[in-house]
Amino acid sequence: MGEWHNLMWNVILLILLLLIPVPAVLSWGKEGHYATCKITQEYLSEDALFAVKQLLPDSAEGDLAAVCAWADEVRHNYHFRWSSALHYIDTPDFKCNYEYCRDCHDSYGHKHRCVTGAIYNYTMQLKSAYANSASVLSYNLTEALMFLSHFVGDVHQPLHVGFTGDLGGNSITVRWYRRKTNLHHVWDDMIIDSALKTFYDSDLSIMIQAIKRNITETWSNDVPVWEHCAHNYTVCPDGYASESISLACKFAYKNATPGSTLKDEYFLSRLPVVEKRLAQGGVRLAAILNRIFTSKAPIAQSSI
Ligand SMILES: [Zn+2]
């Protein structure tokens, strides 16, 4: 009787496990976000660094990079499920372009619920709180900083601004060398993982150093262009999203049809794109935070 019960429980548990949907991968993996925010810290002004350290949770120990993957960790949590749609933008299939009014909505058609909408929103929250500490006590500014830092990373991952029909590459099954995976996951994690193993002695800090060196040497003339927003705007994520869908078409989707096996040729030609996007995300997040926090005025305490 006892054994029968155990067997029944095992069967029920197995059925329950099979019913739980496999979560879609929704952003640069942990390494990508960590790298982006490590680069950001290098470019923060004194004022911005001061403000960021005030807002970071104690668990971060003053390190912004420690909380840059937080938004992914909580999105399966009941209280944060609303934030799932904020990690990406779905654009019309094969158009290879992006328009805020047309594309920035969730799957229910609710406007502004996409990664660029979220970047505007959290920038506004931080900026208005910084400018006028009394009026916005309702915002949780610690969360606003952690969301903003994550989403600026996400909008630079080309397949976070992908086609609607394949869920940004999530439904395109491919092989990465011998491993079966999907195209979105290749761009979130696999290219970075393979680069770490092949070129960086499996040490993320060496990879980050190499990207930082590229920023100060190879890309030094581009940095002011990356940082710039027209009309003196604090943030301009629509440009970053347009770049991403364009790179998605030129590099991510190209020669990566369902069932294809991606190996050295794909890896070696796409890795420079990934490294440049990590650099741009890092530099731009710093520029945004520097523009938000332009003086040492007190910041409203977060509401947690
Ligand atoms: Zn994400």
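**Labels and what backs them**

Mentor: This is a predicted model. Helix H12 has a kink of about 30° at Arg 270, shortly before the proline Pro 272.

Trainee: What makes that a kink of about 30° at Arg 270?
Mentor: One axis is fitted to the seven residues ending there and another to the seven starting there. The angle between those axes is the bend, so about 30° is the value reported at Arg 270.

Trainee: How do you know what helix H12 should span, and what do its end C-alpha atoms say?
Mentor: H12 runs over residues 264–292, which is 29 residues, and at 1.5 Å a residue that should give 42 Å. Its end C-alpha atoms are 42 Å apart, so the two agree.

Trainee: Which residues have the most contacts inside the largest nonpolar core?
Mentor: Val 115, Ile 119, Leu 126, Leu 148, Phe 151 and Leu 289, out of 73 residues. H12 gives the most to this core, with 10 residues.

Trainee: What is Val 115 in contact with, beyond its neighbours within four places in sequence?
Mentor: Its partners include Leu 86, Ile 89, Phe 151 and Val 155. The test is C-beta atoms within 7 Å, so each of those pairs counts as a contact.

Trainee: Why are S4 and S5 called edge strands?
Mentor: The open sheet runs S4-S3-S5, with mixed pairing. S4 (179–182) and S5 (261–262) each have a single partner strand, so one side of each lacks a neighbour in the sheet.

Trainee: How do you know that S3 and S5 pair?
Mentor: Pairing needs at least two bridges, and S3 and S5 have two, in the parallel sense, so they qualify.

Terms used: Residues are numbered from 1 along each chain as its sequence is written. This is a predicted model: local features need pLDDT of at least 70, side-chain atom pairs count only at pLDDT 80 or more; totals for chains, interfaces and linings use all residues. Helices (H or I, at least four residues) and strands (E, at least two) are DSSP runs, numbered from the N terminus. The expected span of a helix is 1.5 Å times one less than its number of residues. A nonpolar core is a set of buried Ala, Val, Leu, Ile, Met, Phe, Trp, Tyr and Cys residues joined through C-beta atoms within 7 Å. A residue is buried if 20 or more other C-beta atoms lie within 10 Å of its own, exposed if 12 or fewer, and partly exposed in between; C-beta atoms are placed from the backbone. Two residues are in contact if their C-beta atoms, placed from the backbone, lie within 7 Å.
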